Structures are given as structure tokens and as C-alpha cells.
4 protein chains.
Amino acid sequence: MTLAGVLAPIPTPIDARDDIDLRRLRAALEKWRTTRLAGFVVLGSNGEAALLSEEESDEVIGAAREIVPRDRVMLVGSGRESTQATIHATRRAASLGADAALVRTPGFFKSQMTTEGFVRHYRAVADASPIPVLLYNFTAVTGVNLLSDAVLQLAAHPNIVGMKESGGDVGKIAELVAVATGANHRFSVLAGSGGTFYPSLCVGASGGILAVACVAPDVCVRIFEMTRQGRHSEARVLQEQLAPLAKLLGSVYGVPGLKAALQIAGIDVGQPRAPLLPASEAAVAAIGAEVAALHGDAVDCRSRT
Amino acid sequence: MTLAGVLAPIPTPIDARDDIDLRRLRAALEKWRTTRLAGFVVLGSNGEAALLSEEESDEVIGAAREIVPRDRVMLVGSGRESTQATIHATRRAASLGADAALVRTPGFFKSQMTTEGFVRHYRAVADASPIPVLLYNFTAVTGVNLLSDAVLQLAAHPNIVGMKESGGDVGKIAELVAVATGANHRFSVLAGSGGTFYPSLCVGASGGILAVACVAPDVCVRIFEMTRQGRHSEARVLQEQLAPLAKLLGSVYGVPGLKAALQIAGIDVGQPRAPLLPASEAAVAAIGAEVAALHGDAVDCRSRT
Amino acid sequence: MTLAGVLAPIPTPIDARDDIDLRRLRAALEKWRTTRLAGFVVLGSNGEAALLSEEESDEVIGAAREIVPRDRVMLVGSGRESTQATIHATRRAASLGADAALVRTPGFFKSQMTTEGFVRHYRAVADASPIPVLLYNFTAVTGVNLLSDAVLQLAAHPNIVGMKESGGDVGKIAELVAVATGANHRFSVLAGSGGTFYPSLCVGASGGILAVACVAPDVCVRIFEMTRQGRHSEARVLQEQLAPLAKLLGSVYGVPGLKAALQIAGIDVGQPRAPLLPASEAAVAAIGAEVAALHGDAVDCRSRT
Amino acid sequence: MTLAGVLAPIPTPIDARDDIDLRRLRAALEKWRTTRLAGFVVLGSNGEAALLSEEESDEVIGAAREIVPRDRVMLVGSGRESTQATIHATRRAASLGADAALVRTPGFFKSQMTTEGFVRHYRAVADASPIPVLLYNFTAVTGVNLLSDAVLQLAAHPNIVGMKESGGDVGKIAELVAVATGANHRFSVLAGSGGTFYPSLCVGASGGILAVACVAPDVCVRIFEMTRQGRHSEARVLQEQLAPLAKLLGSVYGVPGLKAALQIAGIDVGQPRAPLLPASEAAVAAIGAEVAALHGDAVDCRSRT
């Protein structure tokens, strides 16, 4: 398994009664499957996985796999706080059709999460998982940092095939590429921050899992392709156009912002689940302006359906 | 309901197969009930609640209530990331005998957790809960901070009776006391950090929920009583003796340290659940030295049984 | 030399041409000397020492010593980034009449400031200083933290007589008291944060160097005395009244806030030096409200003159 | 004035008596001038400017200008904490031959340093300066962050020609390029972190001011040239080779590490000034290994003389 290109970490539609909405999920995926996205992440951070029950999680995975064709990669977020719960969730995701598991670091007991702890956790999960495992570091939500010394040890595991690094720190991406390449030439480093997608590709990322790719998949795919083709100046211009929206959907407005942006782009995924609040009017206006600034690009989801 | 005195946030025993161990839980509670602790917190952060399934959580609550006598307060940690899961957990805790719910802040989507979000979350939980609710702020594990402007709004709710502040910031404790007293004279502020228990009492905390109270309950109770009686110099001396152990069981070695300290003090609660690792030899030695330095005080659990 | 009681870290008056204003400095000190403050700090952080030239610093020290009577302690801030500049400034301060030097940690090269570096720096300064030296830790401005392992080593030096800890962390104050008492029973720990003055005294601080004491000296002195006399409840009430103003003059509005508060209290020390901006109208209003809330207490500077 | 290419922020030699050593400075510059470096920064952070007196600063500038030929850019660090001291230092630097001033943000009063404060400070300096001014943001040492909204306002000033951003955050570099280009097409953004030099160039930086360029100037210049020529794969490989040494000379070992690396590379600049300690043996070994790993590249200073 080699992971490359642009994947979208899709949100989980929530209806007005605060329940998951599988009908809207299927409809959204029908739109996204018309794009050139290489694949999807179901139940990532943007999928509000932390706010779903285990039963809901299974339903979402099953419904998504019905729509995501087999020639697109479907990753499933299966990280939990305990090692055993992570193993259970990973096995269930595999049985429901996930191609690989994206396992975020546990992070509740921050002061105790050492490299040794991370290495044992991921090895236990990878040993038990019937599908390939990707490491997933997202310090802004977990409060812990999976460092390159841990990744160096884990990249040698035959069932660990890559990593998503969401921090937007291009130097860290470069370091991970260097470290992992030494340990395992099949190890893919995927950027998780749309604001630094192009420079992450420059330093060796093999692709990206980008919230903004849900809204502007074609722009993201073109940045990827242009960089691959050595058309750096064009890629850089597109990146500069993409960055403001990526920032709004990331650290600024998060999942509520992503759901609002999709509404604007013609994909209805409802509201975030409580305690998340819907994006404010000011947020919607700011996001709308950036979507409009991307011209036809950002509405490529809508324009194609 | 007025909460005062010293409560112990008990760990959840885990056996060698990484399963919860209700037999050890009952045995430990039998020892703790011989002390002068005012009550217990089941499934707090120290109870590794984040590492347990919903089913395990229910079993632990039920088993604890069998042993904790009705004249001692039994709080149950029922915070989850989503509002609805928190409500479900709180209702189940109530039906299993909890006297009140200790609801930690949700914290996964850190950048989106505003005062407005916290206020809506806690109001929804308090409205739905059949038992009184305590707010619970523990920034070192959640990465978010429940500020006094939110507490000011929430303290006025008839079903919100207090707050545990674990940060060890005595100025914040004082501010919460001032703020909450204005809103609701029945609102109790409980200190969550053993290293600053005595000065927290000085500024108006009505008690403490202290990990170190699992190991040295009598020292903690004496600090509380002496401060109440105006015997400040004696309280300060005891606090100075307690502080090093409190620090080791808090930010330094966390739950693994607490479990190691209890083993030394004659209460067997097994090991932490993975991905937590057992305390290292160096940690056990450091903790053992501090337990010994407390002389007979720290072994009061053992000496009474 | 034993340091105890309340000292005021006085601001340096700046005139409309951005020059130091010794006339206003003398006038202000004439007012402060009528209070029961135990002493003064000239050229501390609140004295905008970082914004003055070496020549201006000397003029300020000389002018202050003319007014500060010999029966009040006059500390002078003489910390610089290099060890040799700190030694020069300390010697000049001594020759201009300082009773002791308050030496803030160097902090420019943050990642390189280890305990070993701090210990060597302070020993070199203390060896070369003709007057006693106090350590001074203020992490919020320096970005570095002088930890108790360094203080343990330094407290044994015969010419190091105490420490100002400005962090407001009462647990750290308690730890310093414990550590330093073991090394040197003459070592004084002074609190630098008015918001936690009373609990700092509870855990063993021998006094405070408090910005808010420039504005409300009598309240601060009464908190000190009441705590000494075991009148804890009264001290706590006063502390609760003092805390909001202390917060505004500390982390919220800083030196511009202090200068605005003094203007309100009838002591004209001009504006802050650029790049500091004068307090905004909103800041002045908030500060004015808190000064008024302290009733006659906060205006004790004015009422006595 | 357009700034492009690689500049070296040279250290200030200090002799065994802790004095500045102009002889060693001249000798080092004689070596560096044989390289293809576009220019030099005298008295930057790496020049220990914070540890020098005003008189020493002037001597260093004068001595450097004697050796730095007129066809190489010589920037001088002239940032101070007060606006007026910064103006004085900038004027003196100009009179001593500086081509432009590199003015780091003031940062002592961190909580008060707003965008408005920064804008007023830099405008006053740029208005008064006879030479062009570059903004300089280095959060790791100053503890404050010059954000793009301030840069947007400042880039429009006719005497502000660029900015050095030392944070290594490539997304910030990209944002600055976008912001500044809109305001002023002559505005140069220079990267300050060797670990992300190549990706910074990808997103539009016009060059770099890199500590590691003192040790490995030719590698840095080749990365710059290759990127300009569209030889991205080669540039990336060189960057990957450079990164470990850049990291050691940056956040890990700082100025002491840089001075040790230069000793290894055959340029004697003495030791750091106290309170900085010389690099430890372990640091020297780690740095030596990385210098050796760069093969002939890192010793290009030595090999050319």
C-alpha cells in the first residue's frame, strides 16, 4: 500500500436532533466521489469521532464504504485513549471495509506520554490490526507530540505504512520524511495542514489529508499534480490562493467552519454536535468571502454535480 | 448539598490481563472507609476514566457504591466529549448511586471551546441530571481552561453545586471563590492539587479532592481541620511535609505514580492500563522515599487495617 | 539584613518629551515616604529599567536615595543580560546608595539558560557586589524560570539574602521557602504578585514587592500585619478586595496601567516610555472602578498628603 | 535596495578575559569574504548583541565594515527595548557604515506589545533612520510575535524594506510574502531558520539570514541557487543534509553551539560571553559529527583559505 495524493477527511453529518445523519453522509460522498480525490478519511478529527459513540462510529463507517468505490482509499480513524479500545475499534473498522486505520495518539495523560509509551501503544495496535496502520499526530487537539525518535522506531514495523502530521510545521515534515525513509522506504508522510500543503510536498510529503480538500478538492489536487510535475511557480500561486481558506477551516473555526464552508459550497452536512457550536455569522461571512475568492475552484464540488 | 473536607479520587484497579479488577477495588475501599475522608471520587482522571469503556464504568460505579457507606459522599466522574454522552453517563451514574457528578470540561476541539460553549454544555448537563453537578477544570489534561466568567454564569444554576479546580493556581481558586460566592452561596470550590491544599483553604476553598489523599488521608484531613481551627502554623508545616509527595503523584508521575505509592502504602490497585506504563524503578524509589519521609502519616491506610 | 513587609516597586516618571523626570520622582517619593511601606524598589521591571540608559539609571538611583530615608530599605534593580554588565550596574547602584541589589535573571538566550548558567551568573555577581544580592524571577517578562534547584545552591552564598518570585504561583513560593530555609535561615522569599500576596504569606513568604502597593500601600501593609497577627479571616477579606486591582496592574495592563492608577490616586508619574503606549480609555475606566471599589483604602497615598 | 541570497549572522568573538576581540573578528571576516555569501549581519542575536555595551557595539560595527567590501551587504542589528535607544543605535550604525538596520522587536513587556505598539515603534525608527530598516521577528528569544497585520501596515513605509522571520514556520513565511507583496513589491522576506531554508524559498522568501551559513556557506548558497534555477530535487537533498546541523546551531545549542562549530570548521571566534556557557563536550561531539557528515561542504570556509 502506497499512499499518495489528496485525501479528504470528511465531516460526519449531524441532524437537527443531534443524531448522525447517514442519508446526508451518502449524498455528500456521492458528490465527493465525482472529484479527483485519491481517497477519504472517515472518522478523523474533522469527522467529530471524539463526539460519537462506538455504535455510531460503526454505522458511519459502513455507510461510507457503501459509497466510496474500491479504487479510492478509505482510511478510518480508530484511535482511542486506551490501547485495548484502539485495537477493538481498528478491528471493527477493518471488518467494515476500511483500507487502513488512521490512529491518532492517545493524549489524555499528557505528562506520561513518552516515546516509550507511544512505541508500545502503536506496536500493540499494529500487531493486532488486520489492516495497515498510519500514525497520526495532531498536537493542537491532543496536546502531545509524536516525535521523530518514536517514528523512527515505528516506521520499521511491517504493518505501519505511514503518518499524518497535522501540525503544519514543514521542518517536522521534512524530518519525518528523512527519518522514515531511512527506516522503511514504503513509509508515506502525509501533510495534515492545508496552509502548508505545497511546501510539505516540496520537502517530501507524498500527499495530504486536508480539511480544505472537502471544500476545494480540485485546487488541492492541482497543487499536488503541479508539484509532482515540477511546475513549482504555478503550485505556489495556487497554494497562496488556498491558504486563507485553509486557515479558517483549521485553527480558526475548526469543524464548525468546515461544515459552514460545505453548506456554502453546496454540500449539506448539517451542524456540529454539541458542545461544538455552529459557526457564528461573522465566521460564515469570513468563510464565504474566501470561498468566493477562490472563484470557480472552491465550488468545484457543486459545479460537477 | 454542601461539599467540604477531603475527598480521595480513587484509582481503578487493573489486573495483569489489563481488565478492571472489582475485587481489588472493594478491598481498597474497605481500607479507605476506615479513614476520616469525607468522601470519594470514582472515575475521575485518576480513576483512568478516559481508558474505560462505558460498560466498565458502570461496573466500577456499582461496585464502589456497595462499599462506600451512605454517610460518605461518592462523586462520580461522568464527563465525556459530547454533551449527549455526558448526559447519558451522568444519568447512569445517578441510577447506580452517585451522590453527585463531577463533570470535566470537554477539551478535544480546544480552539473552539469558548465560554459560551462551556456554559451551554454544562447547563444542558445540569438540566438533565437527576443529581447535583460539579464543574471540573483540569487544564493539564484537557488543554482547555474554564474561566471565572463561565463559572459566574454557571454557579447560578440550581443544580450546579460546586467546582473542582485542579490547576494548583491559588489565585484562580481565590477568584473562583469570590465569583461563585457572589452568584450562589452554596457553591463549593474544591482544590484539586495537593501541593497547594493549605493555601487554597486559606483563600476560601471548602475542601480538596486530592490524589495524595489516597495515600496519606490523615495528613490531608489534619491540614483541613487545623486550618478550620485557625491553627495555621501547624497546617503550614504539614503542608510542607505533604508537598513533595503530592508533586510526585501529580504532574511528575501521574496515575502510574499513584498506583505505585499505594502499593508501597499497602493498598494493591494493580498497574495502570496501557498506554500508561507502570512507574519506573526510579519513580518507585523517589516515591518510596517521600512516603517514608512522611513517617507514620503516609502509611495511615495500612496502619489502620 | 532581613527583608520583611511590603515594598513598592516604583515606576520611573517619564515626561512629555520621553525623558526621565526626576522632579516628579522626588515628589512621588515624598508621598510614598509618608506611608508605612517597609521600603522601595527602584528600577525594577515596573521602573521600566529595560527602557533606560545606564546614565539615566544612575540619575534615578541618586535622586531616589535623596528622598528615601535610611530607615527604609531601598533596593535597586541591577540585572542586565551579561554577567559583566550586571556586575557593573550593581557596583554603581551600591555606590549610589542602594541597600541591596535586585537582580533579575538574564533571559535573552532562553534555550541556553540552564541551572548551571544561572548559578554561575549569580555567584559571580554576588562575589563582586559590595551590597547584598536578591535573586529575581519574573518568567512572564524574561521567558525563563529560576527553579528551586538553582535557588538551593544560591541560597547558601553569604551575599545572597533573598529572592523575589513574581509568578504568583503559591506552590512555587512554598517550595522556595522550604528549599531556602534548609540552605540559609536568613534567606527571605518575597512575593511579587499582589493577586496572591496573602496566600504567599501563609506559606512562608516574608513579605512582598507589589506593584499594587504603589497605589494602595495601606491595604497591602494591613494584609501583611493581619497575617502576622493570625487574623487570617480579615487578611483574606482584604486580599479579596485587593485582587482585582492587582490583576489589572499586573498581567492585564502592566506599567501603563500602574501609571494610570497612580494618576487616579493623585500621584503624577507621567506616561510610559515608548514603545509602551499609555493606558487606553477602557483601561483607565476599569482601573478607576477598582480604585474606587477599594474606597478610602486605595487613595491612602492622596489622603495622607 | 533588494535583499536576496544568503547572509551570515556572524558571531562576535570574545576573548578569554570576556572582552570583545576585534582581531579575531577581522580574521574571521577575511575568511567569510572569500565565500559567495551575499552579505553579513553584524550584531544580530547570534552576534550576542544583547550582551554588549553600546561602546562595544560601535567598535564591532566599525571593525566589521573595514573588512566587509562595499559590494556585500552589511546589515547591523540595532534593536533595543526602548524606541529612543533603537533610534540612537540605528543612527550610529548608519554612521559607521551599515547598509541597513535589522531591528528586532522589543519584547520585555510582553503582555503590552500589541500590533499598535509595534507599528508605532517601527514607524518612529524608520522615520528617523538614515538607512533602510528591516523588521526582525524572533519569538524564541523575544517571547513576542510580530504578526502579519502589523507587517501589512509597516511594509507600506518607504524606509522599511524587508523582514527577517526566524521562527521556521513556513506557513508564516508564506503569509508574510503574500501580505507584504500586496503592500510593497520591494519588500523582501528573509528566512531566519536554516532547518526550513529550502521550503521557505519555495513559498517566496527572497533569501535567508542563517546561523548555519557561517559554518557551511557554500551549501546554503547552493540551496538558494538551485531553487532559483528550478532544480528542486537537488535543493531538497542538500536541505536534508543541512537540517541536522542547522537544528543544533539553532534551538538546541544556540550561540555556544555556533562558536563551537566554527572552531571545528577552522574559524576561531572564541567562547560565548557569560552568562552563556561554552558548549559542553557532548554538544561539541554532536556538532562535530554533523559537520563531518556534511563532508567537504561544511568545511568550505577552511578549505578555501
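What share of the contacts in chain A with a separation of 6 or more comes from residues 24 or more positions apart? I got 73%, with contact meaning heavy atoms within 4.5 Å.

Ground rules before going on. I am working from a predicted model, where local features need pLDDT of at least 70, side-chain atom pairs count only at pLDDT 80 or more, and totals for chains, interfaces and linings use all residues. Residues are numbered from 1 along each chain as its sequence is written, chains are lettered from A and ligands numbered from 1 in the order in which they are written, and side-chain values use heavy atoms, with hydrogens and water left out.

**Chain A**

I found 14 helices and 8 strands in chain A; these are DSSP runs (helices H or I, at least four residues; strands E, at least two), numbered from the N terminus. The radius of gyration of chain A is 18 Å, close to the 19 Å from the globule rule for 305 residues, so chain A is as compact as a globular protein of that length. That radius is taken over C-alpha atoms, and the rule is 2.2 Å times the number of residues to the power 0.38. I also noted that the C-alpha trace of chain A spans about 45 × 45 × 35 Å along its principal axes. Of the 305 residues in chain A, 64% are buried (under 20% relative accessible area, 1.4 Å probe, protein chains only).

**Chain D against chain A**

I checked this contact next: 15 residues come from chain D and 15 residues from chain A. The buried area between them is about 1200 Å², 60% of it from carbon and sulfur atoms; it is the accessible area (1.4 Å probe) that two parts lose on being put together, summed over both. Cys202(D), His232(D) and Arg236(D) supply 29% of what chain D buries against chain A, more than any other three residues.

**Helix H11 of chain C**

I followed H11 over residues 232-252 of chain C: 21 residues, reaching 28 Å from first C-alpha to last, close to the expected 30 Å (1.5 Å times one less than the number of residues). H11(C) bends by about 40° at Leu242(C), and Pro244(C) follows within four residues. The bend is the angle between axes fitted to the seven residues ending there and the seven starting there. Leu242(C) is also one of the buried residues of H11(C). Just after H11(C), Gly254(C) has a positive phi of about 55°.

**Asn46(C)**

I placed Asn46(C) in the loop between strand S2 (39-42) and helix H2 (54-67) of chain C. Asn46(C) counts as buried because its relative accessibility is 15%. Leaving out residues up to four places away in sequence, Asn46(C) touches several others, including Pro9(C), Ala211(C) and Val255(C).

How values were computed:
Buried means under 20% relative accessible area, exposed over 50%, partly exposed in between (1.4 Å probe, protein chains only).
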